Amino acid sequence: METQLDPMKDDLPLMANTSYMLVKHYVLDLDVDFKSKIIEGSIVLFFETGSQYKKTNSAGEESCQSQFDETSKMRTSEPCYIPIINVSTCSSKTECNDFAVSGKEEEATSDENSSHSNNEQDSGISSSKDCCDIENHGNKDFLLVLDCCDLSVLKVEEVDVAAVSGIEKFTRSAKLTGVSKELENLRNQIVHELLTLPADRWKEQLYYFTHCSQAPGCGELLFSTGTWSLEIRKSGIQTPADFPHAIRIWYKTKPEGRSVTWTTDQSGRPCVYTMGSPINNRALFPCQEPPIALSTWQASVRTAAGFIVLMSGENSAEPVQLQEGVLSWYYYVTMPMPASTFTIAVGCWQEVKQEVKQQSFKQRAAVETNTECSLPSSQTDFSPHIIFLSQSVLPGGSHLCGTRLCHEIAHAWFGLAIGARDWTEEWISEGFATFLEDIFWARAQQQLSHDEIKGQQELKALLRWRRLRDEVQNSEEELQVLRPKKESTGELSESGASIVKYGLKAEKIFMQVHYLKGYFLLRSLARTIGEVSYLASLRKFVIKFHGQLVLSQDFLSMLLEDIPEQKGSGLTVESIFQNWLDTSGIPKPLLEEGETWKECQLVQQVSGEVTKWIQTNRRIRKSGKKKMKQNEVVFLQDIVRKKERGAFIREMQPLESFWQYLKHYFQILLLPDQLVLLLECLLEEKTLCPRILQCLERTYQLQEQDAEVRHRWCELVIKHKYEPGYGDIERFLRDNQAMGVYLYGELMVNEDAKQQELARKCFAAAQEHMDASSAKVVAEMLF
């Protein structure tokens, strides 16, 4: 088996040998059991022979040619329900558990905690390194390698697609003339014909995929599971072209599997959803993870009545009652995408059906759940793919929710329609989404002028620059490089396997360097080239590469070629690599831009307020408790004299306390980003007295603001050991598990007994609901 890797420190392995066999379609048939916290059932995989292997017949002509290196045509279609006949040939746990696991000629047994597979000696399967060497394998059987982790595989079998009624129409093709009608070859030819149907026959294709997935098995296959892979072989089959092109895998997930999260919603009801972890969906179903493995899929999911199954499908699913208390939901996707984009959320969700024109942006975005948010339906034809949003973005106004939605919508182009050919170049997805987030959000705020939009974007740029500055100062240099594989980026082994550099580093999950440096690179290019020309080139890029996988140089080369006047400026692909993508730290061109944002009016407003708070803090600290009352009167008189607006003086009535005077003194900042900047600047002050912190919280009603603002408030509370605010920290850590990871470290670093006790108390309450990486990082901070 493969080398054992530390799942929290090493690179993420992509084991699937996609160069030899490539999955083109998945059919999943699953049951969700909340009592056992297990998803189980079967998955049927339909393959094409990969590009690295071409079988030649006796005449020297290629008889089985890979199609996956051609660009897949994007398909648009109207929603269509494909009826499921004999929904599952093994829909109950009893039937699945009765299957014998393939070993040699005899059954293999395993206990509940085992991998339900053969060990290497029993199965006779050699290491993937040896068996994937097609050129020199000699008499060894071909080994199919799939990406798999935290799954119990029960049985693997070949599917007899030739037994499907009406399938003979695919054997009459002229392409099959002269081809041997030997049954195994016939089955593979049927799969080939089905996979290569024209795009306009997608309904017919889905119909036959459904029936083929329900066809009987025609022989069990030998398999072995490792930490990161599922290896399958058929005795006597030595080439990918002869290996079964339709196989069925019976399996079940494990409660601790890292691809799904079993939790409860805000009402305490059980729910489960795919969490988008670093290992993607390989703990949900055996699959091919390398970016090249673009595929379509369809899925039937059964669960108890009362639960709603949401998936990233193109159709609007309606449940079908199979038996009393059990509903089945069916979804499909006809656009080839990575297996990692398969998403599922099962829970007691509530659908929002209000008229869009009567809703605020926040209302249109939110559904009553703590884990997911789906876009509203409309009368027009569009596919209801799921967007997952944390509950952290829902409270506190529309700003944070709106910008995060814009970011996720941008991934429809960068991340889905156009993907990175090497996942270490995640800036291609996240950098573009962050850049486009601002453009989309500006369009969503139709009432804003050009100057107001520019002001918001300059303010946001300053906040991101500060975040990037802090991140490069407090993280490993190797994790700050956007192209860690440099010239080797995009290179694969002969089998198609590869790694995601630092993909399993726990701390990397919480880093934003790929978002931020990618954003600033694109922003710099837009400023250099001119926004109008830049956006026009961006549109051309999307059109040209839609449905394809790209590397950084594909975008940069096209952009510079499209703007020939930039060639004389010294801007080249190589210089961009050197300054932005291949080095750690803040890029040199960005260092020169750091002071420009201070000229923004929104930033200057914040600077003025920061000065007031600092001056007020100094006055209060100097006054002392005994002289406080007298100094308050003098201070308030000074405020009234210095207040610019005469209306303030004329309308001011006698107030009850000093704090109410202060609230009128400080300008109420309307933008959440201004509040974030204000609190960040105040965090740089060595000492803030309790009275000023109390006034700060009351003035801006900080507990009613969004999570980004409340996070900075919690940082202030921790830094200055402001005990009246400890309840705010406890609420934040309870309701914002991912965003709160940094706060745990701050609570511990002060070496204050009360703060450390608070950290451990909060972690004990939230630990079981946190993902494994977050929980591990926090545990290392606390213990």
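At 28% relative accessibility, Lys776 counts as partly exposed (buried is under 20% relative accessible area, exposed over 50%, partly exposed in between, with a 1.4 Å probe and protein chains only). Glu780 and Lys776 sit 4 residues apart in helix 25 (residues 772–782), so about one helical turn separates them.

Before going on, a word on the model: it is predicted, with local features needing pLDDT of at least 70 and side-chain atom pairs pLDDT 80 or more, while totals for chains, interfaces and linings use all residues. Residues are numbered from 1 along each chain as its sequence is written, and side-chain values use heavy atoms, leaving out hydrogens and water.

## Other salt bridges

There are 38 salt bridges in the structure. One of them pairs Asp438 with Arg464, with the closest N and O atoms 2.7 Å apart. Here distant parts of the chain are linked: Asp438 is in helix 8 (residues 427–444) and Arg464 in helix 9 (residues 450–473), 26 residues apart. Helices (H or I, at least four residues) and strands (E, at least two) are DSSP runs, numbered from the N terminus. Both Asp438 and Arg464 are buried.

Lys761 and Glu730 also meet through their side chains, at 3.4 Å from N to O. Lys761 belongs to helix 24 (residues 753–766) and Glu730 to helix 22 (residues 726–735), so this pair ties together parts 31 residues apart in sequence. Glu730 is partly exposed, at 30% relative accessibility.

Now for the greasy side of things. The largest nonpolar core has 110 residues, and Tyr534 and Phe555 have the most contacts inside it. Such a core is a set of buried Ala, Val, Leu, Ile, Met, Phe, Trp, Tyr and Cys residues joined through side-chain atoms within 4.5 Å. Helix 10 (residues 513–529) gives the largest share of this core, 9 residues.

Leaving aside residues up to four places away in sequence, Phe555 touches Phe432, Leu522, Leu525, Tyr534, Leu538 and Phe541 (contact means heavy atoms within 4.5 Å). Another core lies apart from this one, with 58 residues that include Leu151, Val156, Trp262 and Trp297.

An open sheet of 8 strands runs in the order 8-7-11-3-2-14-17-16, with mixed pairing. Strand 8 (217–220) and strand 16 (320–323) are at the edges with a single partner strand each, so one side of each has no neighbour in the sheet. Neighbouring strands are turned by 25° against each other on average, direction ignored. Angles run from 0 to 180 degrees between N-to-C directions, and axes are lines fitted to C-alpha atoms, for helices over the stretch in contact.

Strand 2 (residues 21–33) pairs with strand 14 (residues 294–304) in the parallel sense over 7 bridges; strands pair if DSSP finds at least two bridges between them. Leu30 has Val301 of strand 14 as its bridge partner.

## Helix 9 against helix 19

The axes of helix 9 and helix 19 (residues 672–683) come within 10 Å and cross at roughly 40°. On the helix 9 side, the contact includes Leu459, Lys460 and Arg466. Helix 19 contributes residues including Asp673, Val676 and Glu680.

How values were computed: Salt bridge = Lys/Arg side-chain N within 4 Å of Asp/Glu carboxyl O.
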